[in-house]
Amino acid sequence: STVNYTIDTKEPVVSSVVMADSALKVGETSTLTITFSEAVTGFDNSDLTLANGTLTAVASADGGVTWTGTFTPTDDIEDATNVIAVATGYSDLAGNAALVGASTANYTIDTKEPVVSSVVMADSALKVGETSTLTITFSEAVTSFDNTDITLANGTLSTVASADGGVTWTGTFTPTDDIE
């Protein structure tokens, strides 16, 4: 009989590609974790395809089985369809090249800040006893908007409210009595 010998003809497989945060917003980053069926060598960022952001150099702390990097989304975009794909330009420690890649589940990016589109006073020449509707419109729905976010002079404003999910906010302005 021969001396013992080993055989490794099994290609490395991507077990999982996971983005820790699947709904990225302004100022956030996410850890990307790529796990292989066995340790791989020659794996780096050139084996990854991504859009709408940047990724730090991927690194492994466990000998090449698990690789991580930090994804930073591009500023000022909204995109609901994003994936990071892993190609096949690496091999296992025995030299077997990968045959199949993989990709993350879809993740969303919303790094576009809401903008005030318009601030309109329905009546711009108020007289004694009159009120006017103030309408504030944003580029997209906003939350936590209230009267503390509004500075006004020479009158009071009823509590602003939105009837369309947070895009348009209205309140009634009542001018201070006895001023010109």
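Glutamate 130 lies in the loop between β14 and β15; strands here are DSSP runs of E with at least two residues, numbered from the N terminus. At 29% relative accessibility, glutamate 130 counts as partly exposed, because that class falls between buried (under 20% relative accessible area) and exposed (over 50%), with a 1.4 Å probe and protein chains only. Glutamate 130 and tryptophan 169 are 39 residues apart in sequence. Their C-alpha atoms are 20 Å apart in space.

The model is predicted: local features need pLDDT of at least 70, side-chain atom pairs count only at pLDDT 80 or more, and totals for chains, interfaces and linings use all residues. Residues are numbered from 1 along each chain as its sequence is written, and side-chain values use heavy atoms, with hydrogens and water left out.

A negative surface patch is formed by Asp75, Asp76, Glu78 and Glu113. Patch members have over 30% relative accessible area and no salt bridge, and like charges are joined within 9 Å, while nonpolar side chains (Val, Leu, Ile, Met, Phe, Trp, Tyr) are joined within 5 Å. Asp and Glu count as negative and Lys and Arg as positive, with His and the chain ends not counted. The place of a charge is CG of Asp, CD of Glu, NZ of Lys or CZ of Arg.

Glutamate 113 is found between β13 (107-110) and β14 (116-121). Its relative accessible area is 35%, so glutamate 113 is partly exposed. Aspartate 76 lies in the loop between β8 (66-73) and β9 (78-82). Aspartate 76 is also partly exposed, with a relative accessible area of 43%.

The backbone of aspartate 76 has a positive phi of about 65°, although the residue is not a glycine. Asparagine 154 likewise has a positive phi, near 60°. Its place is in the loop between β15 (132-138) and β16 (155-157). Most residues other than glycine have a negative phi.

Aspartate 146 is placed in the loop between β15 and β16. With a relative accessible area of 33%, aspartate 146 is partly exposed. Its side chain makes a polar contact with the side chain of threonine 148 at 2.3 Å. Such a contact is a pair of N or O atoms within 3.5 Å; within protein, one must be able to donate a hydrogen and the other to accept it, and residues adjacent in sequence count only if both atoms are side-chain atoms. Aspartate 146 and serine 162 are 16 residues apart in sequence, and their C-alpha atoms are 10.0 Å apart.

Aspartate 92 lies in strand β11 (residues 91-92). Aspartate 92 is buried yet has no salt bridge, a pairing that puts a side-chain nitrogen of Lys or Arg within 4 Å of a carboxyl oxygen of Asp or Glu. The nearest side chain of opposite charge, lysine 10, is 9.5 Å away. The side chain of aspartate 92 does reach the backbone nitrogen of asparagine 96, at 2.8 Å.

Serine 30 lies in strand β3 (residues 30-36). Its relative accessible area is 3%, so serine 30 is buried. The side chain of serine 30 reaches the backbone nitrogen of alanine 20 at 3.2 Å.

Glycine 166 is found in the loop between β17 (161-162) and β18 (168-175). At 2% relative accessibility, glycine 166 counts as buried. Glycine 166 and threonine 29 are 137 residues apart along the chain, and their C-alpha atoms are separated by 26 Å.

Definitions and conventions. Areas by Shrake-Rupley, 256 points an atom, 1.4 Å probe, with all protein chains shown as cover. Helix = DSSP H or I, 4+ residues; strand = E, 2+ residues; numbered from the N terminus.
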